[in-house]
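Work through the exercises below with the sequence and the coordinates at hand. Each task is followed by a solution in steps.

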Amino acid sequence: MDQLSPSRPKAEEVTPPKAAPKADPLPPTPAAPTETSPKASWRSRLLMFGLPLALVAGGAGWWLTSGGSVSTDNAYVQMDKVSVAAEVGGRITEVAVRDGQQVAAGQLLFRIDGEPYALTVAQAAAAIDAAEVEVGNLSASANTSSVDIAAAREDVKFAEVNFGRQAALMEKGFTTKAAYDASRHAVAQAREHVRQAEAAAVEARTKLAAGPSSGINPQVEAARVQRSQAEVNLGRTTVRAPSAGRIAQSDRLQVGQMMVAGLPAVTLVDTGHPWVEANFKETDLADMRVGQRAEISFDAYPGLKVRGHVLTIGAGTGSEFSVLPAQNATGNWVKVTQRVPVRIAFDEKPSRDMIAGLSADVRVFTK
């Protein structure tokens with residue numbers, strides 16, 4: 001049966017049918033032309049021309065401003081501070097301010113007991129009255145001296161007449177030597193009384209004389225000066241603010257405390273005129289000039305920037321005005337970059353309250 005059945009081809013001898021040849025690809029159909037959007041064209045032009053121009057402008061700005069400013073963080077807000085002291089001593093009877101209070105010029109700060117000074121004024125007024133009474137006595141004494149002079153002169157005339165009689169009798173021998181000597185002594189004594197009366201009159205007129213500058217008797221003028229001084233001291237028992245500002249260190253003012261004349265009692269900070277003292281390195285001063293604009297920022301107020309300008313450049317470094325200046329002539333000398341205080345004035349009022357001693361950053365534009 002194997003011989004009669006047709007033989008089958010082997011699997012590995014069967015060849016697959018050939019694939020039909022591929023046709024040539026057709027050329028791509030050209031896309032229909034579309035209109036360019038104006039917005040896309042504007043963007044492309046902006047990127048093409050604007051970006052290079054922006055880069056050029058930024059580079060030019062950086063080149064112009066680089067090296068044109070100096071800055072320091074060694075800067076602090078400064079204000080005028082006045083130590084208010086009593087000009088007279090005494091017990092404090094009233095305190096009208098508290099620490100941190102804003103006061104106006106002339107406002108009452110504290111008051112000292114004025115009763116002792118009022119008594120001094122009364123005593124000075126009494127001294128004026130006494131001086132005027134004394135002047136009246138001197139005037140009366142001057143008038144009396146004039147009368148005494150006239151009386152003494154009359155005595156001289158009488159003594160001279162009597163002496164003439166005694167002299168005539170002495171020549172004729174009708175009088176004694178004792179009577180003659182007594183009459184002569186009476187004449188000399190009368191003349192001496194005249195000189196004493198004239199000297200007393202001169203003294204009285206001298207005491208009554210007015211001062212060449214004031215035209216008032218010196219005793220009366222001295223008494224009036226004493227009263228004026230007493231009134232001034234009485235007025236000084238009321239201590240007022242010399243200027244507007246904020247009160248500081250007022251805890252030293254206590255009712256009943258004894259105040260010593262000249263001892264600082266309270267500090268008044270003039271908050272209306274602050275400035276910044278910036279301590280720049282000496283190597284930063286080459287291009288710095290008075291009047292150059294500045295920019296100030298503060299550690300206490302982030303984001304706050306205030307415009308200012310250079311007001312003054314210090315006349316010496318900080319070490320020159322220290323209590324113990326450096327001795328650079330020694331053998332162990334080390335060179336240290338010095339700092340010079342530069343005062344920066346505000347060109348505008350800050351939006352926040354300034355406090356003396358605040359830390360600040362200052363940039364000065366030197367170009």
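The exercises concern a predicted model and go from the whole chain to single residues.

**Exercise 1. The whole chain**

Task: State how many helices and strands the protein chain has, and what share of its residues is buried.

Solution. 
- Step 1. The secondary structure of the protein chain consists of four helices and twelve strands.
- Step 2. Of the 367 residues in the chain, 25% are buried.
- Step 3. The accessible surface comes to about 25,300 Å², and carbon and sulfur atoms hold 57% of that surface.
- Step 4. Take the contacts between residues at least 6 apart in sequence: 77% of them join residues at least 24 apart.

**Exercise 2. A residue of strand 5**

Task: Decide whether Val239 is buried or exposed, and list its contacts beyond four places in sequence.

Solution. 
- Step 1. Val239 belongs to strand 5.
- Step 2. The relative accessibility of Val239 is 8%; the cut-off for buried is under 20%, so Val239 counts as buried.
- Step 3. With neighbours within four places in sequence set aside, Val239 is in contact with Val84, Ala86, Gln107, Leu108, Leu109 and Phe110.
- Step 4. For Phe110, the C-alpha to C-alpha distance to Val239 is 5.5 Å, while the two residues are 129 apart in sequence.

**Exercise 3. Aromatic pairs**

Task: Search the whole structure for aromatic pairs and say how many there are.

Solution. 
- Step 1. The search finds two aromatic pairs.
- Step 2. Phe163 and Tyr180 form a tilted pair, with 5.3 Å from centre to centre and 35° between the planes.
- Step 3. Phe163 lies in helix 2 (residues 115–172) and Tyr180 in helix 3 (residues 177–208); the two are 17 residues apart, and the pair links distant parts of the chain.
- Step 4. Phe163 is partly exposed at 22% relative accessibility, whereas Tyr180 is buried at 17%.
- Step 5. Phe298 and Phe346 form a stacked pair, with 6.5 Å from centre to centre and 20° between the planes.
- Step 6. Phe298 is in strand 9 (residues 293–298) and Phe346 in strand 11 (residues 339–346), so this pair ties together parts 48 residues apart in sequence.
- Step 7. Phe298 is buried at 4% relative accessibility, and Phe346 is buried at 16%.

**Exercise 4. Strand 9 and its partners**

Task: Assign the residues of strand 9 to a covered and an uncovered face, then describe its pairing with strand 10 and with strand 12.

Solution. 
- Step 1. In a regular strand, side chains alternate between the two faces of the sheet.
- Step 2. The covered face of strand 9 has Ala294, Ile296 and Phe298; the uncovered face has Arg293, Glu295 and Ser297.
- Step 3. Strand 10 (residues 305–313) pairs with strand 9 in the antiparallel sense over five bridges, and Glu295 stands opposite Arg307 of strand 10.
- Step 4. These two strands form a hairpin with six residues between them, and Gly303 in the turn has a positive phi of about 90°.
- Step 5. Strand 12 (residues 359–365) also pairs with strand 9 in the antiparallel sense, over five bridges; there Val364 is the bridge partner of Ala294.

**Exercise 5. Charges over rings**

Task: Which rings have Arg293 and Arg343 over their faces?

Solution. 
- Step 1. Arg293 lies over the face of Phe365, at 3.9 Å from the ring centre.
- Step 2. Arg343 lies over the face of Trp275, at 3.9 Å from the ring centre.

**Exercise 6. A backbone angle**

Solution. 
- Step 1. Most residues other than glycine have a negative phi.
- Step 2. Gln249 is not a glycine, yet its phi is positive, at about 60°.
- Step 3. Gln249 is found in the loop between strand 6 (245–248) and strand 7.
- Step 4. With 44% relative accessibility, Gln249 counts as partly exposed.

Note on methods:
Residues numbered from 1 in each chain as written. Predicted model: local features only at pLDDT ≥ 70, side-chain atom pairs only at ≥ 80, totals over all residues. Heavy atoms only, no water. Phe/Tyr/Trp six-rings, centres within 6.5 Å; stacked < 30°, edge-to-face > 60°. Buried < 20%, exposed > 50% of the residue type's maximum accessible area, 1.4 Å probe, protein only. Lys NZ or Arg CZ within 6 Å of the ring centre and 35° of its normal. Contact = heavy atoms within 4.5 Å. Areas by Shrake-Rupley, 256 points an atom, 1.4 Å probe, with all protein chains shown as cover. Pairing = 2+ DSSP bridges.
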